[in-house]
Amino acid sequence: MEVNFKIYRFDPETDSKPYYRDYTITANPTDRILDCLNRIKWEQDGTLSYRMSCGHGVCGSDAMKINGRCALACQKLVKDYEGKEIILEPLPSYKVLKDLIVDLDPFFEKVKFVQPYLLSTTALPEKERLQSPENSKKLDIAIRCILCACCMGACPVLNENERFLGPAPLVWAFRYIFDSRDTQYLERLKQVDYSHGAWACVNYYECTRACPKEIPITKYINTIKREIQKSKDTNR
Ligand code: FES
């Protein structure tokens with residue numbers, strides 16, 4: 001079948017403004033959008049730029065806007081858009097470096113802000129720090145996050161307010177706030193207890209809809225908010 005693509009193009013070194021370019025390829029309904037992009041690049045236009053690595057929903061590098069929704073190009077199939085022109089655009093909220101490639105440095109800075117690693121002041125155990133099966137179960141969906149930033153691109157709050165910490169960093173905050181091996185529970189809650197932190201989320205649920213790993217992000221952010229309130233009530 002013939003599939004029509006309209007792809008956002010912009011090279012800041014040569015273009016005064018972005019434009020869209022049309023491409024038509026022959027593809028199977030079960031081909032992934034990433035397969036189509038590769039074919040366009042290899043067979044029609046070597047100047048087209050996008051990120052990819054694993055091709056299997058693991059590395060998170062091919063997040064982009066596909067027909068208005070943030071998603072991984074390697075997880076969407078041609079048949080998901082049957083009969084429609086497929087429009088590919090860069091993730092919103094980030095500076096375009098070239099075509100579908102955006103500058104994700106501000107995203108990773110926000111992730112770093114929540115200290116996405118175990119912090120413990122207890123003495124080093126002889127072997128590893130143990131986690132109970134119950135606690136592990138509580139976190140086993142949160143740890144699916146692959147830092148693709150689909151949730152960040154989809155978040156209407158972040159689109160308006162770049163100071164908002166954003167959904168993915170809050171997922172990582174959740175992951176360590178509730179990790180029984182971490183001893184910085186109160187400090188971690190304080191870290192996200194500010195107007196552009198957890199409280200900036202107003203429950204659009206777009207992050208939850210966009211997450212390719214089906215993490216209930218909005219629910220986790222609301223859990224953090226309740227935990228902040230609970231810790232304040234307890235220490236009153
Ligand atoms: S290419 Fe790695 S997640 Fe899609």
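Helix packing, sheet and domains

Modeller: H6 passes H7 in a left-handed crossing. The model is a predicted one.

Colleague: What makes the crossing of H6 and H7 left-handed?

Modeller: The term applies if the near helix is turned anticlockwise from the far one by less than a right angle. H6 crosses H7 in that sense, so the crossing is called left-handed.

Colleague: Why is H6 called roughly antiparallel to H7?

Modeller: Helix H6 (residues 167-177) and H7 pack at an angle of about 160°, and their axes are 9 Å apart. Angles over 145 degrees count as roughly antiparallel, so H6 and H7 get that label. On the H6 side the contact is made by Leu170, Ala173, Tyr176 and Ile177. On the H7 side Tyr185, Arg188, Leu189, Gln191 and Val192 take part. The contact of H6 with H7 has 7 nonpolar, 1 polar and 1 charged residues.

Colleague: What makes H6 oblique to H9?

Modeller: The angle between H6 and H9 is about 55°, with their axes 9 Å apart. Roughly parallel needs an angle under 35 degrees and roughly perpendicular one of 65 to 115, so H6 is oblique to H9. The crossing of H6 and H9 is left-handed.

Colleague: How do you know that H6 meets H9, and which residues do so?

Modeller: Two residues count as in contact if their C-beta atoms, placed from the backbone, lie within 7 Å. By that test Pro167, Leu170, Val171, Ala173, Phe174 and Ile177 in H6 meet residues of H9. The H9 residues are Ile217, Tyr220, Ile221, Thr223, Ile224 and Glu227. Sorted by class, the contact of H6 with H9 has 10 nonpolar, 1 polar and 1 charged residues.

Colleague: At what angle do H7 and H9 pack, and which residues meet?

Modeller: Helix H7 (residues 185-192) and helix H9 (residues 217-234) pack at about 115°, and their axes are 10 Å apart. H7 passes H9 in a left-handed crossing. Leu186, Leu189 and Val192 in H7 meet Ile224, Glu227, Ile228 and Ser231 in H9. The contact of H7 with H9 divides into 5 nonpolar, 1 polar and 1 charged residues.

Colleague: What makes S2 and S4 the edge strands?

Modeller: In the strand order S2-S1-S5-S3-S4, strand S2 (19-26) and strand S4 (69-72) each pair on one side only. From one strand to the next the twist averages 35°.

Colleague: Which strands does helix H1 lie across?

Modeller: Helix H1 (residues 33-44) lies across strand S1 (2-9), S2, S3 and S5. Its direction is at about 100° to S2.

Colleague: How is the chain divided, and how do you know that the domains touch?

Modeller: The domain assignment gives domain 1 (2-102) and domain 2 (105-234). Their C-alpha centres lie 29 Å apart. As for touching, 14 residues of domain 1 are in contact with 13 residues of domain 2. S3 and S4 each supply at least two residues of the side of domain 1 that touches domain 2. The largest share of that side, 4 residues, comes from S4. By class, the side of domain 1 that touches domain 2 has 8 nonpolar, 4 polar and 2 charged residues.

Notes: Residues are numbered from 1 along each chain as its sequence is written. This is a predicted model: local features need pLDDT of at least 70, side-chain atom pairs count only at pLDDT 80 or more; totals for chains, interfaces and linings use all residues. Two strands pair if DSSP finds at least two bridges between them. Axes are lines fitted to C-alpha atoms, for helices over the stretch in contact, and angles run from 0 to 180 degrees between N-to-C directions. Domain bounds come from an automatic or database domain assignment. Ala, Val, Leu, Ile, Met, Phe, Trp, Tyr, Cys and Pro count as nonpolar, Asp, Glu, Lys and Arg as charged, and the others, Gly among them, as polar.
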